[in-house]
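Good morning, everyone. Please look at the structure on the screen while I walk you through it.

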Amino acid sequence: MSLPGKSLSIGGYSYHVSDQGAGDKVAMLVHGMPDDGSCWKYQVPALLKAGYRVIVPDTLGYGRTDRPAEVTHYQIEKIIGHMFEIAETLKLQNVNLVGHDWGAAITWSMALMRPELFRKHIAISVGHVRCFYGQAFETPERMREALKENWYMYMHCLEGTEELYMANDFALLRKFLIQHPERDSVIEAIKQTGRIQWLNYDRANPVPLGYLAYARDREVYPNCAVPTMVIFPEDDAFLWKTQAIDTPRYMDAECRVETVQGGHWVMLDHPDDVNKRMLEWFESEPSTARAEATAGSGP
């Protein structure tokens, strides 16, 4: 269920956006697959208590935001544009940005495109975009690791996947989402609409095109100038650790890589750990100095 919020006209769509708190300290949290903004329900109170204004959109196809059927609506360039439009509509500046899963792919791109808008960045599970795509070109072992872990992104583009996930009372999807602490709620939301709109993110942005862009131009994913913390859950079932650990190679600002306990949805299954690291990172002074990754562990 979406967080309390309001409707904004963004990019020609009705976007549901939670806007809580007030003041100059601002945090914007962008969710990923298969959630809506409520996946941040444990982080929002912690940020509000610390004096932040907290912005949480339901991205296109999720929650109370519009759910167009056509795949082209979900091209990442369009979704990134929507996020910037939300920031402009709400007059956000000096934003502390957080993304998870597909949301982290979006926030990485936002930080790379307009670093002047952001004070700090946290990416959960997802390393720098250049790691995500570039590792496949490093060694045969790295290529196999990346392509093997990306299997579901390819499957989501195939005909019949939506029906397969919904067959036999979502039997396969329940296994796919085994790490999700609230998978029953996710499935109930699908039952209400009769569609799995979030498949369109993988369909509109086929992963081979990301590899192709890198093959054509190795500088297509530039270094990041926004101080960034990558939080990587030790038991993440969907992404591989080296794409997080290698992130400092492509940073022109301070970078920390924290390995923590938990599965892919660590902000739900280990919220206290995530909140502690998030607030410590946001409350520290930003630095443009390059820094090596530091490893951490959960309590």
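**The sheet and what packs on it**

Let's start with the sheet. It is open, has eight strands, and runs in the order E1-E2-E4-E3-E5-E6-E7-E8 with mixed pairing. Strands E1 (6–10) and E8 (255–260) stand at the edges with a single partner strand each, so one side of each has no neighbour in the sheet. From one strand to the next, the twist averages 20 degrees.

A word on the source: this is a predicted model, where local features need pLDDT of at least 70 and side-chain atom pairs count only at pLDDT 80 or more, while totals for chains, interfaces and linings use all residues. Residues are numbered from 1 along each chain as its sequence is written, and side-chain values use heavy atoms, with hydrogens and water left out.

Now some terms. Helices (H or I, at least four residues) and strands (E, at least two) are DSSP runs, numbered from the N terminus. Two strands pair if DSSP finds at least two bridges between them.

Take E6 (residues 118–124) and E7 (residues 228–233). They pair in the parallel sense, over four bridges. Ala123 stands opposite Val230 in E7. Helix H13 (residues 271–283) packs on the sheet and touches strand E3 (26–30), strand E5 (95–100), E6, E7 and E8. Contact here means heavy atoms within 4.5 Å. The direction of H13 makes about 155 degrees with that of E6. Such angles run from 0 to 180 degrees between N-to-C directions, and axes are lines fitted to C-alpha atoms, for helices over the stretch in contact.

Next, helix H2, residues 76–89. How far should its 14 residues span at 1.5 Å a residue? The answer is 20 Å, and the end C-alpha atoms are 20 Å apart, which agrees. The expected span is 1.5 Å times one less than the number of residues. The buried residues of H2 include Ile76, His82 and Phe84. Buried means under 20% relative accessible area, exposed over 50%, and partly exposed in between (1.4 Å probe, protein chains only).

**Rings**

On to the aromatics. There are 17 aromatic pairs in the structure. Rings of Phe, Tyr and Trp (its six-membered ring) pair if their centres lie within 6.5 Å; planes under 30 degrees apart are stacked, over 60 edge-to-face, and the rest tilted.

Phe132 and Trp240 have ring centres 5.3 Å apart and planes at 40 degrees, so this pair is tilted. Phe132 lies in helix H4 (residues 129–134) and Trp240 in the loop between E7 and helix H11 (242–245), so the pair ties together parts 108 residues apart in sequence. Phe132 is buried, at 8% relative accessible area. Trp240 is buried too, at 3%.

Phe238 and Trp265 make an edge-to-face pair: 5.5 Å centre to centre, 75 degrees between the planes. Both are buried. Ring pairs also link them into a cluster with Trp151, Tyr152, Tyr165, Phe176 and Trp198.

Last, the backbone. Most residues other than glycine have a negative phi, and most peptide bonds are trans. Now the exceptions. Met33 and Pro34 are joined by a cis peptide bond, with omega about -5 degrees. Pro34 sits in the loop between E3 and helix H1 (43–49). Asp101 is not a glycine, yet has a positive phi of about 60 degrees. Asp101 counts as buried, at 7% relative accessibility. Phe170 has a positive phi near 65 degrees, and lies in helix H7 (residues 161–176).
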